[in-house]
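Hi,

Here is the structure we talked about, with the sequence alongside. Have a look at it first, and then read my notes below.

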Amino acid sequence: MKKLLIALFCLILTFTSGRWSSYEIEELALASAVGVDYDGTKYNLTIQIIKPEIVAEKTGTDPVTTIYSSGATMFDAIRNALSYSPKRLYWGYLQTMIFSERALEKGLACLIDFLSRDFEIRPIIWIAVTEKDPEEPLKAKVSQDVPSGEGINAMIESQKGLSKCVHSMLTQALICLGNEGRDFACALFGTTKMEDEEFMEIKGTALFRGEQYVGSIDTLESRGLLWLMDRIKSGIIVLKAPQDEKLALEILSSKTKIKTKVDGDKIGFEVTIEVVSNLAEQTANLNPAHPDQWKELAEKQAQHVKDEAEKALRAIRNLGTDPVGFGKLLRAYHPKVWYQVRDHWHDLLKTVPIAINVKSKLKSTGMILGDVAIYGSLE
């Protein structure tokens, strides 16, 4: 009887597994990147659509086409885009959503509400902000060989090797908005001119307090923020040497730990950053193999990292935001204290003592003709 039921089930699948709910790629318009603006009465979308046939042929022709749509809400604007596209818009390939400052005036939550509900839109799309009209970075060049959406995705991925912006996805925005104690931060896009052409550029990090956009920080402050957030993957630290020469250290690894300190009504935090790097380049006439100079380099690196982290801390305090998640740690380890200060946490964070300590270590000189022993580190 069991075998009969299995055979019947397989037979049903055979006759019901057609394409009743599927589409051929030729029937779809693949949305790759979307810019969102707001003019006070309606949302204006700039939608980039990939032409798969041109991407496959690699003829050098622009592989995307751009359509524009407006509506009273995000969903209304997206649905109205059908008026300008002969094919059904498919959102499963969407990679980036860029919001203008004007669009964010009504808050982030109302913009991503639809994105979190539509089953086609993936939660791993990149969320970004631009201080300009979102059409400008979308029209700017990213690469001659890839559509803008894919180029933006590649740019954000490459930031892991530069550590100059906080890159975030839709899922991270939803987590931050749904939980207390940590504010959302994402990449800030702009454009730069090279040889009379506009190219897309990551300008730094956009910061929020709750769902409200409060401002941005530059790429240098962004790396300081990444130190605090324990999100440094790689990067270059440039140190000054005697006679205005330079040294370049390549970050190999980093680890940040934050401890909460509560004593009665006094709240504080201790941040410990551990960084390991290699000496990648020097223009100075130094002998890094010498134990004293090796130790001095480790000390200089520690001070450099501390300065970057403290600069970022001052910036987020001035803007009244907490992308690091100090409040989240307080809520996790001292919930009673958190519920006493939660309503004025952003104001309190401006004066809470936060100590930053750096443990710096240089792994090797990076010499091709043979590695030099590790002479010392700053622990």
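Helices (H or I, at least four residues) and strands (E, at least two) are DSSP runs, numbered from the N terminus. With that in hand, strand S1 (residues 28-38) is mostly covered, with 11 of its 11 residues buried.

Residues are numbered from 1 along each chain as its sequence is written, and side-chain values use heavy atoms, with hydrogens and water left out.

**Overall picture**

The protein has 379 residues, and 44% of them are buried. Its secondary structure comes to 12 helices and 15 strands. Taking contacts (heavy atoms within 4.5 Å) with a separation of 6 or more, 66% are between residues 24 or more positions apart.

As for confidence, pLDDT is the predictor's score for each residue, from 0 to 100. The protein averages 84, and 83% of the residues score at least 70. Over residues 11-20 the pLDDT is below 50, and that stretch has two contacts in the model beyond near neighbours in sequence. Residues 369-379 also stay under 50, and for them the model has 21 contacts beyond four places in sequence. Where pLDDT is low, the predicted coordinates should not be read in detail.

**Around S1**

Which strands pair with S1? Two strands count as paired if DSSP finds at least two bridges between them. S1 runs antiparallel to strand S2 (residues 43-50), with eight bridges. Strand S4 (residues 88-90) is parallel to S1 and joined to it by three bridges, while strand S5 (residues 96-100) is also parallel to S1, over four bridges.

Alanine 33 has threonine 96 in S5 as its bridge partner. The S1-S2 hairpin has four residues between the strands, and glycine 40 there takes a positive phi near 105°.

Going on from S5, you get to strand S6: S5 and S6 are parallel over five bridges, with isoleucine 98 standing opposite alanine 128 in S6. Five of the five residues of S6 (residues 126-130) are buried, so the strand is largely enclosed by the rest of the structure. In a regular strand the side chains alternate between the two faces of the sheet. Here both faces are covered: Trp126, Ala128 and Thr130 are buried on one side, and Ile127 and Val129 on the other.

Serine 163 has a phi near 55°. You'll find serine 163 in the loop between helix H6 (148-158) and strand S7 (168-169), and at 3% relative accessibility it counts as buried.

Aspartate 230 has a positive phi of about 60°, and lies in the loop between H8 and strand S11 (236-241). At 27% relative accessibility, aspartate 230 counts as partly exposed.

**Arginine 223**

Arginine 223 is in helix H8. Is this arginine 223 buried or exposed? At 8% relative accessibility, arginine 223 counts as buried. Leaving aside neighbours within four places in sequence, its contacts include Leu162, Ser163, Ile251, His304 and Glu308. Arginine 223 and valine 305 are 82 residues apart in sequence, yet 9.3 Å apart in space, C-alpha to C-alpha.

**The largest pocket**

The largest pocket is lined by 21 residues, and Arg182, Met229, Pro323, Val324 and Gly325 lie nearest its centre. Helix H7 (170-178), helix H8 (219-229), strand S12 (245-263) and helix H10 (326-333) are the elements that give two or more residues to the lining.A pocket here is, on a 1 Å grid over the protein atoms alone, an open set of points where a 1.4 Å probe fits, with protein on both sides within 12 Å along at least five of seven lines; lining residues have an atom within 4 Å of a point. By class, the lining has 11 nonpolar, four polar and six charged residues. Nonpolar covers Ala, Val, Leu, Ile, Met, Phe, Trp, Tyr, Cys and Pro, charged covers Asp, Glu, Lys and Arg, and the others, Gly among them, are polar.

Cheers

Notes. This is a predicted model: local features need pLDDT of at least 70, side-chain atom pairs count only at pLDDT 80 or more; totals for chains, interfaces and linings use all residues. Buried means under 20% relative accessible area, exposed over 50%, partly exposed in between (1.4 Å probe, protein chains only).
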